[in-house]
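Student: Could we go through some of the helices in this model together, one question at a time?

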Amino acid sequence: MKETQLAVVAALAVLMLVTGNAQDVRMNQFAERYVRLVLAVGQHDADYVDAYYGPPEWRKEAEAGKLPLSEIASRAAALAGEIGAAQPPVTADEMTHLRHQYLSRQLASLRTRVSMLMGTKLKFDEESKQLYDAVAPTHTEADFAKVRAKLEQMLPGPGSLIDRYDEFRKGFIIPKDRLDPVFKAAIDACRSRTLQHITLPPGENFIVEYVTNKSWSGYNWYQGNYRSLIQVNTDLPIYVDRAIDLACHEGYPGHHVYNVLLEKNLLRDRGWIEFSVYPLFSPQSLIAEGTANYGIEVAFPRAERVEFERRVLFPAAQLKSEMAARYYEVLDLVDELSYAGNEAARRYLDGEITAKQAADWIEKYGLYSSPRAEQRVRFIEQYRSYVINYNLGKDMVKAYIESRGPDRWQAFARLISSPRLPSSLIR
């Protein structure tokens, strides 16, 4: 009897191995077709392919034989049907299930983007749900007015609140000739703190460039081979808090670390070719932006951040260190207005207000200066509902990680090394 049981167990093990291998082969084939479709969409949408470091010939083929959008839509629909019919067995491990869900949902997002490029008009919330697997909460003027009232008391004096806030912040602008040393100090600190908790492959690195005439304040262009190019926009004055924000968000433990770990753990170690490409308008972006923003808090809890900036960054920027604590008291309150930008984008893209009215809304309820509000509207016009990925993404990631237990770094590292979808964060 015992020998029979052992034989059955052995036979089941072989069957599971064969089934698993067959599943991997199918998924790898699906993944290649998906990557090629992403590259094909990139020929119609310059912003779509945020990063690609797969076989160079695939990109060349996409460029040489530009597929019509209708053909891309047809191929994507066929692939979606095949992926849907190839559910992994219930005995498969979590990563296998996550991979299948990820590829299926990323492809659905691609189909939505293609439909939009072909002329489909979607409401803001419908667009964000289909592209990013999430919908941001709705806020009213009254929600933001409560925060503004607190700021009125914190920043008393004549003139409008935005004028008083701008005047207050003037004392915290990094002089242009101090930008590079301040950013380098911030990057070194973010990297040091990250490496205490996350192991990165040898050779990972990035370079920083200062650019102008962009709709964003910073951008990470991941190059593959564990390298990134980080660009910092200097169109507008840069305040001292942006040094840690950008160093963490774009670098450690944000976008650079996120992309490095995906390349190392999923592309190279597992051979999952779908992680050789990053389509910007996809659920992956909510995870990427959410972890990049929450990663700032993980790397620099508030008290530690204020002390570090008071001791290191304020002197490096030749600013008054004794004002650091007061500065962050104000910023913490202003941060409660972050969803005002989403509300402006929703109303503007849904046709309820004009671009000018959207800028006015952001200026009033988001407490942006007029030039920054106008820059934000340009960002909304270019990237549309992508704006939800920053604040909603951060809130979703924060809730998920803090529900995993006290070790935030461990949960953070696991999340940015897996193909988890936004909707799975709230289950």
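Student: At what angle do H11 and helix H17 (residues 388-402) pack, and how far apart are their axes?
Tutor: Helices here are DSSP runs of H or I with at least four residues, strands are E runs of at least two, and both are numbered from the N terminus. Axes are lines fitted to C-alpha atoms, for helices over the stretch in contact, and angles run from 0 to 180 degrees between N-to-C directions. On that basis H11 and H17 pack at about 70 degrees, and their axes are 7 Å apart.

Tutor: Before we continue, note that this is a predicted model, in which local features need pLDDT of at least 70 and side-chain atom pairs count only at pLDDT 80 or more, while totals for chains, interfaces and linings use all residues. Residues are numbered from 1 along each chain as its sequence is written, and side-chain values use heavy atoms, with hydrogens and water left out.

Student: How are H11 and H17 oriented to each other?
Tutor: Angles under 35 degrees count as roughly parallel, over 145 as roughly antiparallel, 65 to 115 as roughly perpendicular and the rest as oblique. The angle between H11 and H17 is about 70 degrees, and therefore the two helices are roughly perpendicular.

Student: At what angle do the axes of helix H6 (residues 141-154) and helix H15 (residues 355-365) cross, and what does that make H6 to H15?
Tutor: These axes come within 10 Å and cross at roughly 40 degrees. That makes H6, relative to H15, oblique.

Student: Which residues of H15 does H6 meet?
Tutor: Contact means heavy atoms within 4.5 Å. From H6, the residues involved are Glu141, Phe144 and Arg148, and in H15 they meet Trp361, Lys364 and Tyr365.

Student: Is Arg302 buried, partly exposed or exposed?
Tutor: Arg302 lies in helix H12. Buried means under 20% relative accessible area, exposed over 50% and partly exposed in between, using a 1.4 Å probe and protein chains only. With a relative accessible area of 36%, Arg302 is therefore partly exposed.
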